[in-house]
Amino acid sequence: MAGEIPDLEALERTGTGKGAARQARRAGMVPGIVFGGDVDPLPINIPFNKLLKMLKAGRFKSTLFNMKVEGHDDVRVICRDVQRHVVKDLPTHVDFMRLRRTTKINLFIPVEVVGEETSPGLKHGGVLTMIRPEVELIVTAGDIPDHVTIDVSEVEIGDSVTISSVKLPEGAKPTIDRDFVIAQISAPSGLASQSDDEDEVAADEVPATEMEAGADE
């Protein structure tokens, strides 16, 4: 199940229309609306600086929030649209959709790695590279995993872990149809360089040895 769903605090906005929205922006707020769930739409205001910080952090439109508005029950929401200023590219309005527990949504889920202590690839000096530290899954709002697990306990140098080898939570599936790579164990750069050097030395020595043998004859 999902660990902790971040809270998103907002204020109920009194009044609707362009006038109320402009007043909110002058007060350092971004006007918005919460809709869906067989409940009347709720006009809200979100502090501009707080919203901008969350937008810069990324994944805003694929993050599930627990919206808290004084005088209303907490509700799970997901962003459906962020309108921006055409010149300044700053948020001017934001739309959120209420979610039922059975609603299907796309979310990025963190990847947890196990088996590093016994991985033969890592024991031989291989380097674990996370191609996708998060995977985007289709999940239900009421049953969101806080992570998916990959096992590298039997992964050798040069091998990869793909999504097909991962046991996903019940009801969850990837948004990508193909079998994509999540992580891989590659040879350390020093080992690869050493191998190249050995090849170069061997190539240099062959003609010299042949010449010496010919001179002796």
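Which residues of α2 are buried? The legends below take up this and other close-up views. The structure is a predicted model, in which local features need pLDDT of at least 70 and side-chain atom pairs count only at pLDDT 80 or more, while totals for chains, interfaces and linings use all residues. Residues are numbered from 1 along each chain as its sequence is written, and side-chain values use heavy atoms, with hydrogens and water left out.

**View 1. The buried and exposed faces of helix α2.** Leu51, Leu52, Met54 and Leu55 are the buried residues of α2. Seen down the axis of α2, these residues fall within an arc of 165°, so they line one face of the helix. The face turned away from the buried side carries the exposed residues Asn49, Lys53, Lys56 and Ala57. Buried means under 20% relative accessible area, exposed means over 50%, and partly exposed is in between (1.4 Å probe, protein chains only). The arc is that of the directions from the helix axis to the C-beta atoms. Helices (H or I, at least four residues) and strands (E, at least two) are DSSP runs, numbered from the N terminus.

View 2. Ala20, Ala21 and Ala24 are buried in α1. They cover an arc of only 100° around the axis, which puts them on the same side of α1. Lys18, Gln23 and Arg26 are exposed on the other side of the helix. An α-helix has 3.6 residues a turn, so residues three or four places apart point the same way.

**View 3. A patch of positive charge on the surface.** Lys18, Arg22, Arg25 and Arg26 gather in this patch. Arg22 is found in helix α1, residues 18–26, and is partly exposed with a relative accessible area of 46%. Patches are made of residues with over 30% relative accessible area and no salt bridge; like charges are joined within 9 Å, and nonpolar side chains (Val, Leu, Ile, Met, Phe, Trp, Tyr) within 5 Å. Accessible areas come from the Shrake-Rupley method with a 1.4 Å probe, and for residues only the protein chains shown count as cover. Lys and Arg count as positive and Asp and Glu as negative, with His and the chain ends not counted. The place of a charge is taken as NZ of Lys, CZ of Arg, CG of Asp or CD of Glu.

**View 4. The salt bridge of Arg100 and Asp38.** A salt bridge is a side-chain nitrogen of Lys or Arg within 4 Å of a carboxyl oxygen of Asp or Glu; by this rule the count comes to three. In one of them, the side chains of Arg100 and Asp38 meet at 2.7 Å, N to O. Arg100 lies in the loop between β6 (91–98) and β7 (104–114) and Asp38 in the loop between β2 (29–35) and β3 (42–47), so the pair ties together parts that are 62 residues apart in sequence. Arg100 is partly exposed, at 46% relative accessible area, whereas Asp38 is exposed, at 72%.

**View 5. The salt bridge of Glu134 and Arg59.** The closest N and O atoms of this pair are 3.2 Å apart. The bridge links distant parts of the chain, with Glu134 in strand β9 (residues 134–140) and Arg59 in the loop between α2 (48–57) and β4 (64–69), 75 residues apart. Glu134 is partly exposed, with a relative accessible area of 30%, and Arg59 is partly exposed, with 43%. Arg59 also has a positive phi of about 60°, although it is not a glycine. Most residues other than glycine have a negative phi, and most peptide bonds are trans.

**View 6. The salt bridge of Asp74 and Lys68.** The side chains of Asp74 and Lys68 meet at 2.8 Å, N to O. Asp74 counts as partly exposed at 40% relative accessibility, and Lys68 is partly exposed with a relative accessible area of 29%.

**View 7. The loop residue Asp89.** Asp89 is found in the loop between β5 (75–84) and β6. Phi of Asp89 is near 60°, a positive value in a residue other than glycine. At 46% relative accessibility, Asp89 counts as partly exposed.

View 8. Val161 lies in strand β11 and counts as buried at 6% relative accessibility. Val161 and Asp151 are ten residues apart in sequence and 8.2 Å apart in space, C-alpha to C-alpha. Glu156 lies in the loop between β10 (148–151) and β11 (160–162) and is partly exposed, with a relative accessible area of 39%.
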